[in-house]
Amino acid sequence: MNARRTGRRPGTPDTRETILAAAREAFAERGFDAASIRAIAAAAGVDPALVHHYFGGKEELFRAATAFPADPGRLLPAVLTGGPDRVGERMVRVFLEVWDSPAGSAAVALLRSAVSNDWSARLLREFLVTQVLRRVLDHLDVDPAQRALRGGLVATQLAGLAMMRYVLRLDAVATAEPATLVAAIGPTVQRYLTGDIA
């Protein structure tokens, strides 16, 4: 007679989706910093090793949970390489490269969902703050007292650009050459990052 196995369930075809559902809830409720792999695994009823097996680390799990189509870890070096005085332009250029690429349709879907769904908005906000804005501001050694405001101001520009170019498709912005938008918006993003905002 075989003894019945006890403990957490092993991986099954549904395990990945179960982990993702638990991760989405944890990240939306507690944020990226406070959510842990161990707690997410417990909520999914699996061993933490299975979370690592399917997703690698916490950042990869977070990116999968938000369904963001690009990896900031691979994109940010193009933004951060070079002097600090052109980070704003490079940030807008990389932003447009992602959103103008085939991955852009998934980004647009995520943005539409965030506008109409509070849970999606919380996930997207956590993603932008912890995976993009925080890394850029850390690189620039921004005064901690100004980080939240500077990051928020940058987000207003990028989110506004995304809405006008890809969602509402305001003709002049939707059809503009990327170089034109980089030249127009980059200096404003730069001022929000390193300039006078008083």
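Predicted model: local features only at pLDDT ≥ 70, side-chain atom pairs only at ≥ 80, totals over all residues.
**Exercise 1. Helix H5**

Find which residues of helix H5 are buried, and work out which helices they pack against.

*Solution*

Step 1. Start with the helix itself: H5 covers residues 72-80, and its buried residues are Pro72, Leu76, Val79 and Leu80. They span an arc of only 80° around the axis, which places them on the same side of H5.

Step 2. Now look at what this buried set meets. Its packing partners are helix H4 (58-66), helix H6 (87-100) and helix H8 (118-140).

Step 3. Finish with the two ends. The N-terminal end of H5 is capped by Asp71, with a side-chain oxygen 2.9 Å from the backbone nitrogen of Gly73. After H5 comes Gly82, which has a positive phi, near 115°.

**Exercise 2. Thr130**

Decide whether Thr130 is buried or exposed, then list what its side chain reaches.

*Solution*

Step 1. Locate the residue: Thr130 sits in helix H8.

Step 2. Check its accessibility. The relative accessible area of Thr130 is 5%, and buried means under 20%, so Thr130 counts as buried.

Step 3. Follow the polar contacts. The Thr130 side chain comes to 2.7 Å from the backbone oxygen of Glu126. The side chains of Thr130 and Gln131 are also joined, by a polar contact of 3.1 Å.

Step 4. Look further along the chain. Leaving aside residues up to four places away in sequence, Thr130 touches Phe32, Phe62 and Arg135.

Key:
Residues numbered from 1 in each chain as written. Heavy atoms only, no water. Buried < 20%, exposed > 50% of the residue type's maximum accessible area, 1.4 Å probe, protein only. Helix = DSSP H or I, 4+ residues; strand = E, 2+ residues; numbered from the N terminus. Arc of directions from axis to C-beta. Contact = heavy atoms within 4.5 Å. Polar contact = N/O pair within 3.5 Å; in protein donor to acceptor, adjacent residues only side chain to side chain.
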